[in-house]
Amino acid sequence: MRQDVIKLGGFVLRRALWLGLALVVAIYLTIIIANMGGALDEIRKTEIRGDVAVSIVMNPANKGLPPSVLQQMIEAELEREFDRLGLNQPFFPKRSFMYLWNAISLQLGRAEYLRSDAGSAQVRLILLERLPTTLVLFATAQLLIFFVSLFAALLLSRRYGSFLDKLVIALAPSSAAPGWFYGLFLILIFAAVLRVLPWGNMIDVPVPEDRALYALSVAKHLILPVTAVTLSNLVGNIYTWRTFFLIYSSEDYVELARAKGLSVRGVDTRYILRPTMPPILTHLLLVLITMWMGQIVLETVFNWPGIGRIFYWATQASDTPVIIGVIVIFGYLLAATVFALDFAYAILDPRVRLGAGAAAR
Amino acid sequence: MGPAQQQGNMKKQIRNWWGGLKSLRRYPSLVAGLLIILAFIVASLYAVVAVPYSEAIRLWRGGPGVWDENPKTAKPVWFDFFTTEKLSRTIRVTSQDQGAVHVEPLDDETDLVTIELPFNYDYDTFPRELNLFTDASTSLSASIFWYTPDGRVITIKEDREFRGATETYYISQDSGLITQLGNRLPHLVLFTDPRYEERVLKGDYQMALIAEVPQGGELSAKLVVYGEVQGLAGTDHLRRDIAVALLWGAPIGLIFGVLAAVGTTLITFLLSAVGTWLGGKTDSALQWLTQVNLIIPLLPVLIMFGYLYDRSIWTMLGLVIALNIFGSTMLTNRAMFLQAKESPYIEAAQAYGAKNFRIIFRYLMPRIAPTLLPQLVLIVPSFVFLEATLSVLGLGDPVMPTWGKVIYDGYNEGALYKGLYYWMVEPALLLMLLGIGFSLIGYSLDRIFNPRLRTV
């Protein structure tokens, strides 16, 4: 047992290092793309140039100065600004690594236009403020989808060929559409036509003082976005997982367990569910990654005040630091997701933590 | 090979084909999917032929003169079927066609020109808007009168100055006229039956323009009474006919989805075959790239790229392919290739001295190829929806009309709040239909090619 825990710890540590390295590379690639050939720097320099020129020319203290003097003042101020922002150093390698370190340590700089609700221009604060709301929506939908899919898939694998089973097969293509797509229809039906559920946002206005009412209000606003994600993922999940269950439930040892007269429940949980979990987790990982991407549009469509909506606003307002910041945060979220599933995988499949099955992933 | 033999071969082939077609009956969903995709292909071909590429772009860009005669946010004409009322449609009367022009000389230098623009209004609902387009050779002043079917005459404007050029008189927005009519909208008042409140008076209307025109001058006029319904798909806030975008969305969606699917699937297939066979460093490098790629947030990076550099659909296509090569299919392919690599016939090939190239392309890849087609078809919808997703986030192609851009416009203009459901539902349904078509084919192919799934 103790041996096992040490092995598990070693595996987890190896995976953490590995994922950390992958995350660094991913962020570095993003930075290179963002600043391809220094394009990003040029955009920034142009913006700074405009701001500096305006601030000097419009300054009442400078009124009446000849244009040549103003020009000199602008040049001098520009030089100071570029120095201050490190724009005079070459991009490769030094400044790119500077950007990389800033990104990894979440020193994401100051937003150009957007502000946090508390009034801060720090990209990190803006994003961290939005992180909980994003997680509330994501986790609620995830937990719902995971457990419903799991039990439905297990149930269907037992009733192979039944009407319900055929229905799920027939509806499996519904998973081709992303959550926001179903969201539009849900808004149309429940908000626009029936007027029973809110159009979007996370909380009623005015915000309820009472805790219980507050929770109730959030729950009410959660219904439509969570349903939208569920619609786009549930049937596809059930279909895939049911197939996994079918494959594992036709194994000889399952037949033997049934022949021994074990209860249906016992066979299900110990003989079918356990060995099927690893492939399910692998599939879940891919679904989760897709859903993180879907989160951006979902929040935009439902006006959910999370990171996704901030990202949309940043692209609309041309706020480059926020855009890069969101990508970094998403990189962290994806790495955390992969890590969490790896951990679960290692607990469920002893081969993985013993090192034998590592190559199988 | 003799001709008889050849004929025999052909017969056999036809029989094979026929047999193949007949066996399709066992897969009704495959047939349904194929029919849907076929319909989209036909629509795409029609789109490309009927509205050439440059024309589609010009139409969608709009601007002065392109959509002036269309009403804003008009519902599709088939809304008529669902109401007992006859919904108003756009009426266009010009002085050249239906109108009449009378010229009387006033003195030696000027003529009194009267332009009559008659039309019949036979709808149960009010028009949306009223505009008068004029084209005069010199600047002049004209008075405009309105004749209702029950014989009333309403002065719309006396001595309005017209510049010597084409000009639009927005009657519905004329604040002077609105005040004169008791703060009510002109296009409502002018068509109201005075005996009832809020009921349309049907019958023959006429607008008359009386102007003093210098001799030799020209004046022509066109009255547009904008209807409530327009075209097969309705119009948007810029008066554009949504049908153009719906039609052109088909080839764009198909091409984007299919090219992205083919590109990523084939490249991934090739790379995973090479990587698995060569093993060692190549394999670990590919695996490592796949791991890194899992952590790169695909959609935000795409959006950032579109925002910073270029959001044309072809750039996006290339980027989507590049970012998806090292996707999850790499993992599944690799598992399959690893299994195939151990097969005895590969060992045999090695024994007779086959080179790497030959083994990969002649032995390894054909073995896994059957899984390629369902994989490819199943992934198409996700790319079609990806294009729509980008558009919905405002990063659609800047010039091309796509379904996603129509949804974006509708969403941004508050189509759902205003009850203009057709605006967003039409492109959404088409997207869904295309997705369902490919999914139906993909899932059927999966069952045909994947015997393990068929047996369970």
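In chain B of this predicted model, helix α6 (residues 242-278) packs against helix α12 (residues 356-368) at an angle of about 120 degrees, with the axes 10 Å apart. Axes are lines fitted to C-alpha atoms, for helices over the stretch in contact, and angles run from 0 to 180 degrees between N-to-C directions; helices (H or I, at least four residues) are DSSP runs numbered from the N terminus. The pair α6(B) and α12(B) is therefore oblique, since angles under 35 degrees count as roughly parallel, over 145 as roughly antiparallel, 65 to 115 as roughly perpendicular and the rest as oblique. The crossing of α6(B) past α12(B) is right-handed, the near helix being turned clockwise from the far one by less than a right angle. On α6(B), the contact involves B:Ala273, B:Val274, B:Trp277 and B:Leu278, and on α12(B) it involves B:Asn356, B:Ile359, B:Ile360, B:Leu364 and B:Met365 (contact: C-beta atoms, placed from the backbone, within 7 Å). This contact comprises 8 nonpolar, 1 polar and no charged residues, where Ala, Val, Leu, Ile, Met, Phe, Trp, Tyr, Cys and Pro count as nonpolar, Asp, Glu, Lys and Arg as charged, and the others, Gly among them, as polar.

Residues are numbered from 1 along each chain as its sequence is written, and chains are lettered from A and ligands numbered from 1 in the order in which they are written. Local features need pLDDT of at least 70, side-chain atom pairs count only at pLDDT 80 or more, and totals for chains, interfaces and linings use all residues.

Chain A has a mean pLDDT of 85, with 95% of its residues at 70 or more (pLDDT: the predictor's confidence in each residue, from 0 to 100). Residues 356-361 of chain A have a pLDDT below 50, and this stretch has 5 contacts in the model beyond near neighbours in sequence. Where pLDDT is low, the predicted coordinates should not be read in detail.

Two domains are assigned in chain A, domain 1 (37-91) and domain 2 (123-360), by an automatic or database domain assignment. Their centres, taken over C-alpha atoms, are separated by 49 Å. In chain B, domain 1 covers 32-51 + 241-449 and domain 2 covers 85-226, with 55 Å between the corresponding centres.

Within chain A, the axes of α7(A) and α8(A) come within 8 Å and cross at roughly 130 degrees, which makes α7(A) oblique to α8(A). The crossing is right-handed. Residues of α7(A), including A:Trp180, A:Phe181 and A:Phe190, meet residues of α8(A), including A:Leu224, A:Pro225 and A:Val229. The contact of α7(A) with α8(A) divides into 11 nonpolar, 4 polar and no charged residues. The loop between α7 and α8 of chain A holds A:Pro206, and the peptide bond from A:Val205 to A:Pro206 is cis, with omega near -5 degrees. A:Asn201 is placed in the loop between α7 and α8 of chain A and has a positive phi of about 70 degrees, although it is not a glycine.

Helix α5 (residues 123-158) of chain A packs with α11(A) at about 135 degrees, their axes 8 Å apart, and the two are therefore oblique. The contact of α5(A) with α11(A) has 5 nonpolar, 2 polar and 1 charged residues.

The contact between the chains takes 43 residues from chain A and 35 residues from chain B. Among the helices of chain A that each supply at least two residues to this side are α1 (2-34), α7 (179-193) and α8 (211-249). The side of chain A that touches chain B has 36 nonpolar, 7 polar and no charged residues.

Note on methods:
Two residues are in contact if their C-beta atoms, placed from the backbone, lie within 7 Å.
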